[in-house]
Amino acid sequence: MDDIMPLMTRATEQTAGLVHTVRQDQLGLPTPCAKFDVKGLINHLEWVADLFESLGNQGDRIEQEPYVGDFPERAERTLATWSRPEAWEGTSPAMGLPMATLAHMYLVDMVAHGWDLAKATGQEYSPDPEAVSVALHFTGQMAEMGRQRGAFGPAVDVPNHAPPFDRLLGIIGRDPAWTP
């Protein structure tokens, strides 16, 4: 908990900051995450926050609700849940995975979807290098399971000498060179 919680917090705050600056006229723009336009991506982030808040409380896997536009507030609740030591104990009854694995999944979501949102809306994005390193290591181990569960798309070829963030994007199915 002590090493990843600060990374989760920084990645969440960075993504929430990006969400705050999205304009109404940008909600229909495409994103690098082919499943979502900007509004759909923010709605997905709202669901991710609710889901990981529930999971951090040993709760159920929840369904996505319609878009509200309150991701930053939901994300604060998620971080408050995961700041409790008991959130990290054992295995999630809903997901069948260790709680630390779920925390890593949340980190990957925040880092990757922050980039998706920034690219789609023309914002600057420089993820925390330590968060990228942790997320890259985790996705390298979990990529196949992530694809089977629909969390990651097909891998995009990225050279081994590419920057770590570009390699992370490739593993999860994003093209680092994506443009709208």
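This is a short tour of the structure above, one selection at a time.

**Before you start**

The model is predicted, so to speak of local features a pLDDT of at least 70 is needed, side-chain atom pairs count only at pLDDT 80 or more, and totals for chains, interfaces and linings use all residues. Numbering runs from 1 along each chain as its sequence is written, and side-chain values use heavy atoms, with hydrogens and water left out.

**The whole chain**

Begin with a cartoon view. You will find 6 helices and 0 strands, in the order α-α-α-α-α-α along the sequence. Helices here are DSSP runs of H or I with at least four residues, strands are runs of E with at least two, and both are numbered from the N terminus.

Zoom out next. Along the principal axes, the C-alpha atoms fill a box of roughly 40 × 40 × 25 Å.

Of the 180 residues, 48% count as buried (under 20% relative accessible area; exposed is over 50%, partly exposed in between, with a 1.4 Å probe and protein chains only).

**Stop 1: Tyr 125 and Phe 165**

Select these two rings and show their side chains. They form a tilted aromatic pair, 6.1 Å centre to centre with 50 degrees between the planes. Rings of Phe, Tyr and Trp (its six-membered ring) pair if their centres lie within 6.5 Å; planes under 30 degrees apart are stacked, over 60 edge-to-face, and the rest tilted. Tyr 125 sits in the loop between helix H4 (99-121) and helix H5 (129-148), and Phe 165 in helix H6 (residues 164-171), so the pair ties together parts 40 residues apart in sequence. Both residues are buried.

**Stop 2**

Move to helix H2 (residues 38-56), where Leu 55 lies. Leu 55 is buried, at a relative accessible area of 0%. Which residues touch it? Leaving aside neighbours within four places in sequence, Leu 55 contacts Asp 60, Arg 61, Ser 92, Ala 94, Met 95, Met 99 and Leu 102 (a contact means heavy atoms within 4.5 Å).

Ser 54 is also in helix H2 and counts as buried at 16% relative accessibility. With neighbours within four places again set aside, Ser 54 is in contact with Gly 59, Asp 60 and Ile 62.

**Stop 3: Gln 58**

Continue to Gln 58, in the loop between H2 and H3. Look at the backbone here: Gln 58 has a positive phi of about 60 degrees although it is not a glycine. Most residues other than glycine have a negative phi. At 33% relative accessibility, Gln 58 counts as partly exposed.

**Stop 4: Trp 88**

Finish with Trp 88, in the loop between helix H3 (71-82) and H4. Is the residue buried or exposed? Trp 88 counts as buried, at 13% relative accessibility. To end, draw a distance from Trp 88 to Val 19: their C-alpha atoms are separated by 27 Å, and the two residues are 69 apart along the chain.
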